[in-house]
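The sequence and the model come first.

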Amino acid sequence: MKQYTATANDDGVRLSRFVQSVTRDFPTSLLYKSFRNKRVKVNGKKAVPEYRIQAGDLIELYINDEFFPPEGAKTVQKAAPKKKQNQPKVNVIYEDENIAVLYKPTHLLCHSDRTGDANLVDAFTQYLAEKGEYDPHGENRFKPGICNRLDRGTEGLVIAAKSYTALRDMNEIIRTDLLKKEYYTITVGIPQSGRFTAWWEHDEKNNKVSIHAHQSQDERRKQIITDVDVLRTAGPFALCKIGLVTGRTHQIRAHLAYLGRPVLGDIKYGNRKMNERTGTKTQALCAVRVTFLDIPEENTLHYLSGKVVKLKDPQIIKQFDALDKSKNSEENHPA
């Protein structure tokens, strides 16, 4: 029999998930059989798989030793990822005891992938480990994670959670549209300001989105709503503020391309000739501001209600200024 005392980092975790995290090679069929046969107890009583753990709970597992790691009651954790030479230092824009809002530069992945390239999750985990807020070799059942993601070529603000509870409650905030996200982008062509609605369809195999004026007969398409506000113009370019009413994969890039005003530097949906002419090799798109709306009191992140986190002096403004300066130079010194 193995005993565990739940920590604050386990608070809210589903019991079946906890059991899976502390065992090894434990078949799912045996997992649920153990629950039925009262081999999983919480505070001395029979427990059910869907029970949500509370900090301080005593969890007893009457499971054969062969399904536990050699260290006994300690959870096997993967070694902390080795710091890559090209891994950037985490740029923290806002932080409290539960969450952090981070700046993700272009070309940095949010999550790890098969390439093994540096990613924001590992960088954030290392940041917390260096601060002493996370022990990758300890009995943590939760690894710090991020709550929203940006495309590899998009820069800007990403929200990260330090605990399972924070991740759960931030995901609920996002799911119930209590987080407003704003972006800056540079478009090729000057769009109209206003709210635009269309229908979105994702080709997962090719990771590409198509936008349509109407719903399909099989109703596979999903509605998207994008707010566009033109802030400045410079010749054929416009600096725009984008508000996402819905948030779907590649929504801003694909929707603006559908409107005939693609994002500058976008190699998937953009204007290749203009990208080459300006020497722009990554999409001019930056998540610059997040605003928390009225979060219910039962949510542990209620204190964030009304809070605004914004990126100061985003690089995209300087990028647009350079385009504006180049346009004025061409007008004053025509060939």
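Is phenylalanine 18 buried or exposed? Its relative accessibility is 0%, so phenylalanine 18 counts as buried (buried means under 20% relative accessible area, exposed over 50%, partly exposed in between, with a 1.4 Å probe and protein chains only).

The model is predicted: local features need pLDDT of at least 70, side-chain atom pairs count only at pLDDT 80 or more, and totals for chains, interfaces and linings use all residues. Residues are numbered from 1 along each chain as its sequence is written, and side-chain values use heavy atoms, with hydrogens and water left out.

Searching the whole structure gives 4 aromatic pairs. Rings of Phe, Tyr and Trp (its six-membered ring) pair if their centres lie within 6.5 Å; planes under 30 degrees apart count as stacked, over 60 as edge-to-face and the rest as tilted. Two of the pairs are described here.

Tyrosine 4 and phenylalanine 18 are edge-to-face, because their planes stand at 85 degrees, with the ring centres 5.7 Å apart. This pair links distant parts of the chain, 14 residues apart: tyrosine 4 is in strand E1 (residues 2-5) and phenylalanine 18 in helix H1 (residues 15-22). Helices (H or I, at least four residues) and strands (E, at least two) are DSSP runs, numbered from the N terminus. Tyrosine 4 is buried too, at 3% relative accessible area.

Phenylalanine 26 and phenylalanine 67 form a tilted pair, with 5.0 Å from centre to centre and 50 degrees between the planes. Phenylalanine 26 is buried at 13% relative accessibility, and phenylalanine 67 is buried with a relative accessible area of 12%.

Charges also sit over rings (NZ of Lys or CZ of Arg within 6 Å of the ring centre and within 35 degrees of the ring normal):

| Charged residue | Ring | Distance to ring centre |
|---|---|---|
| Lysine 2 | Phenylalanine 68 | 5.6 Å |
| Arginine 248 | Tryptophan 200 | 5.8 Å |
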